[in-house]
Amino acid sequence: MAEDKVIITYAGKSTECPVIIGTEQEPAMDIANLRDDTGLVTLDFGYKNTGATKSAITFLDGELGILRYRGYDIADLAEKSNFVEVAYLLLYGELPTAPQLADFTSKLQANSDVPAEIATILKAMPKSTHPMAQLAAATLALSGVYAKDSAKATEETIINILAKFPVLVAMVMRNTQGLDFVPNDKSLGYVENFMNMAFGKQASQVIVDAMDKLLILHADHEQNCSTSTVRMAGSSNANVYASVSAGISALWGPLHGGANQAVLEQLEAIEADGGDTAKFVAMAKDKASGFRLMGFGHRVYKNFDPRARIIKKACDEVLNDLGVQDKKLTIAMELEQAALNDSYFVDRKLYPNVDFYSGIIYKAIGFPTDMFTPLFALGRLPGWVAQWKEMKENKEPIGRPRQIFTGATLRPYKEVENR
Ligand code: CMC
């Protein structure tokens with residue numbers, strides 16, 4: 001739908017950029033002919049103004065705090081749906097009918113066994129290997145066993161990675177703790193089986209429900225760092241396991257998914273230091289300190305993170321239900337209040353994000369801190385695969401940005417004795 005155009009003129013040459021309007025009325029100018037017509041390329045560090053694709057999966061409005069998967073509000077899905085249903089929705093665009101959901105669920109169960117070689121690979125890794133590195137390696141290793149057609153978005157490929165991933169995450173957790181793997185139980189539900197394999201016992205319904213909600217809240221987030229990485233890797237025709245493995249690596253960093261581990265470590269550090277939140281808020285405001293309050297701020301949410309609101313409520317419920325009294329939660333509340341009332345944070349629109357509360361729930365459930373980011377990956381998997389599938393179906397070209405070269409221009413090579 002081109003409703004208007006932008007004309008760019010440079011050095012006597014000009015180009016017409018059609019304005020594309022999305023279904024939520026967001027305008028974009030299409031610069032496909034910019035370089036050919038004018039010789040210009042664009043420069044946009046961090047892609048703050050650059051749409052990398054057209055997508056029909058997730059809509060978010062950072063100013064209004066809106067997040068929707070395929071048109072459904074995240075709060076509705078978190079309250080009424082379940083993770084497997086949301087995965088289907090993200091992948092296929094519609095909520096499943098009862099027979100579709102039953103079929104999808106049984107295919108996930110039937111394909112969940114992970115080959116023995118993967119267990120051997122995990123066991124062979126150095127004991128100090130972070131679970132995210134183990135997960136990236138194990139996911140990539142699946143391409144050794146299921147290579148056939150795995151660069152195509154076939155149903156078999158999609159089911160295979162979705163079915164095996166929770167088993168891999170649970171195996172990684174056991175491996176990191178030096179514990180034996182728990183056999184995969186194909187009679188259990190997706191989340192129930194994951195919890196059973198991770199802890200060696202069935203989780204209570206309250207915990208399963210909380211996990212389900214957390215996974216739904218993490219399931220997709222449009223073109224974020226890891227998802228863009230998955231699409232970029234997949235655009236070269238890399239197979240789904242390689243593409244998702246690349247996404248796991250991108251998610252690991254503390255500015256992205258790794259923030260949930262960093263939040264809890266920061267709360268622990270504040271607690272160990274005596275719990276003076278004002279001191280840490282002051283440090284976060286002092287640029288020279290290089291310290292940031294983890295779990296605050298977001299590239300796109302500049303009002304509130306709708307996921308954080310839902311998680312905060314779930315967090316209260318889980319802690320009440322488990323009877324957990326955690327000083328870190330008090331510290332977290334104090335930090336939140338201090339930040340919400342401080343002009344540094346208010347002026348920069350820095351609010352608690354999804355990772356601020358999720359770690360507290362994971363900790364109360366009993367997950368080790370270094371497993372928090374793999375849990376984010378478990379939630380994000382359907383989003384990654386849906387975005388990878390969409391990229392394939394759109395027949396998008398290989399991702400290959402331009403650059404502005406700022407290095408040396410041509411200079412003659414000098415023999416070492418003449419330098
Ligand atoms: N603590 C203190 N100051 C901050 C923080 C923070 N957590 N976040 C941003 N700022 C300041 C930053 O110093 C800058 O100040 P100034 O304008 O004076 O130079 C301003 O706020 C804008 O920050 P930015 O780094 O330019 O913003 P960005 O959009 O590039 O980065 C962010 C977004 C999430 C990486 C950043 O806010 C951050 O590092 N937060 C902490 C890490 C975190 O919680 N990450 C999880 C994000 S949610 C999970 C996910 O979806 O990945």
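# Briefing: cavity, ligand site, pocket and sheet

The lining of the largest cavity is made up of seven nonpolar residues, with no polar and no charged ones. This is a predicted model. Beyond that, the briefing covers the second largest pocket, with a volume of about 290 Å³, and an open sheet of three strands.

**Largest cavity**

- The structure contains one cavity of 30 Å³ or more.
- The space inside the largest cavity comes to about 30 Å³.
- Two elements, α3 (83-92) and α4 (98-110), each give two or more residues to the lining of this largest cavity.
- Its lining residues are Phe83, Val84, Ala87, Phe104, Leu108, Leu162 and Tyr190.
- Which helix gives the largest share of that lining? Helix α3 does, with three residues.

**Ligand site**

- Arginine 299 places an N or O atom of its side chain 2.8 Å from an oxygen atom of the ligand.
- For arginine 348, a polar side-chain atom lies 3.0 Å from a ligand oxygen atom.
- For histidine 298, the distance from a polar side-chain atom to an oxygen atom of the ligand is 3.4 Å.
- How much of the ligand's area does the protein bury? Taken alone, the ligand exposes 940 Å², and the protein buries 79% of that.

**Second largest pocket**

- The volume of the second largest pocket is about 290 Å³.
- Its lining has 23 residues, and those nearest the centre of the pocket are Val84, Gly189, Tyr190, Val191 and Glu192.
- At least two lining residues come from each of α3, α4, α7 (155-176), α8 (190-199) and α9 (205-218).
- By class, the pocket lining splits into eleven nonpolar, seven polar and five charged residues.

**Three-stranded sheet**

- The strands of the open sheet run in the order β4-β5-β6, with antiparallel pairing.
- Why is one side of β4 and of β6 left without a neighbour in the sheet? Both strands stand at the edges and have a single partner strand each, so one side of each has no neighbour there.
- Strand β4 (residues 58-61) pairs with strand β5 (residues 66-69) in the antiparallel sense, over four bridges.
- Within that pairing, phenylalanine 59 has arginine 68 of β5 as its bridge partner.
- The hairpin of β4 and β5 has four residues between the strands, and glycine 65 there takes a positive phi near 70°.
- On the other pairing, β5 meets strand β6 (residues 72-73) over two bridges, again in the antiparallel sense.
- Tyrosine 69 has tyrosine 72 of β6 as its bridge partner.
- Two residues lie between β5 and β6 in their hairpin, where arginine 70 in the turn has a positive phi of about 50°.

- Strand β2 (residues 13-21) and strand β3 (residues 27-29) are joined by three bridges in the antiparallel sense.
- Isoleucine 21 is bridged to proline 27 in β3.
- This hairpin has five residues between its strands, and glutamine 25 in the turn has a positive phi of about 70°.

Methods. Residues numbered from 1 in each chain as written. Predicted model: local features only at pLDDT ≥ 70, side-chain atom pairs only at ≥ 80, totals over all residues. Heavy atoms only, no water. 1 Å grid on protein atoms, 1.4 Å probe; cavity = no way out; pocket = protein on both sides within 12 Å on 5 of 7 lines; lining within 4 Å. Points joined across faces, edges and corners; volume = space filled by probe spheres on them. Nonpolar A, V, L, I, M, F, W, Y, C, P; charged D, E, K, R; others polar. Polar contact = N/O pair within 3.5 Å; in protein donor to acceptor, adjacent residues only side chain to side chain. Areas by Shrake-Rupley, 256 points an atom, 1.4 Å probe, with all protein chains shown as cover. Pairing = 2+ DSSP bridges.
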